[in-house]
Amino acid sequence: MASITIKNIVKKFGELTIIPGLNLEIADEEFVVFVGPSGCGKSTLLRIIAGLEPSTSGELFIGDTKVNSVPASKRDIAMVFQDYALYPHMTVYDNMAFALELRGMTKAEIDRKVRHAAGLLHIEPFLERKPKALSGGQRQRVAMGRAIVRDPKVFLFDEPLSNLDAKLRGQVRAEIKALSQELKTTMIFVTHDQIEAMTMADRIVVLKGGEIQQYGRPEEVYETPANQFVAGFIGSPAMNFFDIRRMGEGFCFAGAPDVAVPSSGIPGSVSTDTDEAVLGIRPEHFVHAPGQPGGLQVTINLVEPLGSDTLVHFDLAGISSVARVNPELRPKAGQMLELAVQPGKAHLFVKASGDAIR
């Protein structure tokens, strides 16, 4: 097992800079997820760690060993790809055993490792099948099994769930999380799906433009986002944002100056001396508050019943917004709804930079 240390890694393609200079420490046995929109550099960074892509400058350590010049085959890592990359002419057993045969292991040792991994992944009944006879989820398990049998120092996952349907994504996601706890191996998982990041990671790296926007535990990133980008990217549905401005002791919505924003709901609003800011409210932090002084009266535009809760869409201060409410309210389009913000749950951001105001 091994830690990973990235020191001022830069990656350029010609004149185009993908990663402008990145520093990161990943502890031994930690499950870290790289998350961000397309083009943020997350897969490029993973490929640099894997040795499939050279960095332009900087240093990369796996454990105490600098590996910049070490080829991928010598880094003792295992990678699981989005497209499975299985040998179609081989059985599941042979796909998983192939790398071990190249190492010269005995048949008995290979058999033990393959069957152990197959048991962990619940694919024992499929060992004699070929990949074409498997479902997408089963193929992904085989790809994971092929990585597990190698006992690598580091597991790398490059968006391995993207080709699976919603139900299978949830199932395989849970299996990967359980494997990380059982194998106790350093794992890096790349995804654009913030739900995968939140549910799987020990720590999340949120990337934008090749730069780390925030690195922390899932609950930390969710509850105290470092900036407006992180706040908008992490959470589903996304956080609502409103331009606000100073009015007396508090703020009002810039798009509706007659609607005050209660300062009690916004950490930092009393101490900050800014005259303009951006207010962020997560959909789940709106509460139904009929008759509450200073509440927000909105007209429902659209209702999305989700079973366990209901999403209501409305315009607030000219901004299309969404709130998560109790389905027992039975809201309907066209109805008036009185909302308030849970005390202490709203967020303030500097309008120019997007940095969080604490």
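Mentor: Take a 1 Å grid over the protein atoms alone: a cavity is a set of points where a 1.4 Å probe fits but cannot get out, and a lining residue has an atom within 4 Å of a point. This is a predicted model: local features need pLDDT of at least 70, side-chain atom pairs count only at pLDDT 80 or more, and totals for chains, interfaces and linings use all residues. Residues are numbered from 1 along each chain as its sequence is written, and side-chain values use heavy atoms, with hydrogens and water left out.

Trainee: How many cavities of 30 Å³ or more does the structure hold?

Mentor: It holds 1. The largest cavity has about 50 Å³ of space; a volume is the space filled by probe spheres set on the points, which are joined across faces, edges and corners.

Trainee: Which residues line the largest cavity?

Mentor: The lining consists of V80, M144, A147, I148, F155, F157, I176, L179, L183 and M187. At least two lining residues come from each of α4 (136-148), β7 (154-158) and α5 (166-183). Helices (H or I, at least four residues) and strands (E, at least two) are DSSP runs, numbered from the N terminus.

Trainee: And pockets? Which element gives the most to the lining of the largest pocket?

Mentor: A pocket is an open set of points with protein on both sides within 12 Å along at least five of seven lines. Here the largest one has about 480 Å³ of space. It is lined by 20 residues, and I77, A78, M79, F81 and R150 are the closest to its centre. Two or more lining residues come from each of β6 (77-80), α2 (92-102) and α4. The top contributor is α2, with 4 residues.

Trainee: Now the sheets. In which order do the 4 strands of the open sheet run?

Mentor: Two strands pair if DSSP finds at least two bridges between them. The order is β2-β1-β4-β5, with antiparallel pairing. At the edges, β2 (16-26) and β5 (65-66) each pair on one side only. Between β1 and β2 there are 7 bridges. One of the bridge pairs puts K11 with I19 of β2. Helix α1 (residues 42-50) packs on this sheet and touches β1, β2 and β4 (57-62), its direction making about 115 degrees with that of β1. Contact means heavy atoms within 4.5 Å. Axes are lines fitted to C-alpha atoms, for helices over the stretch in contact, and angles run from 0 to 180 degrees between N-to-C directions.

Trainee: What do β9 and β10 form?

Mentor: They form a hairpin with 2 residues between the strands. G209 sits in the turn, with a positive phi of about 60 degrees. Antiparallel bridges, 5 of them, join β9 to β10 (residues 211-216), and K208 stands opposite E211. β9 (residues 203-208) also pairs with β3 (residues 31-35), in the parallel sense, over 4 bridges. There V35 has V206 as its bridge partner.
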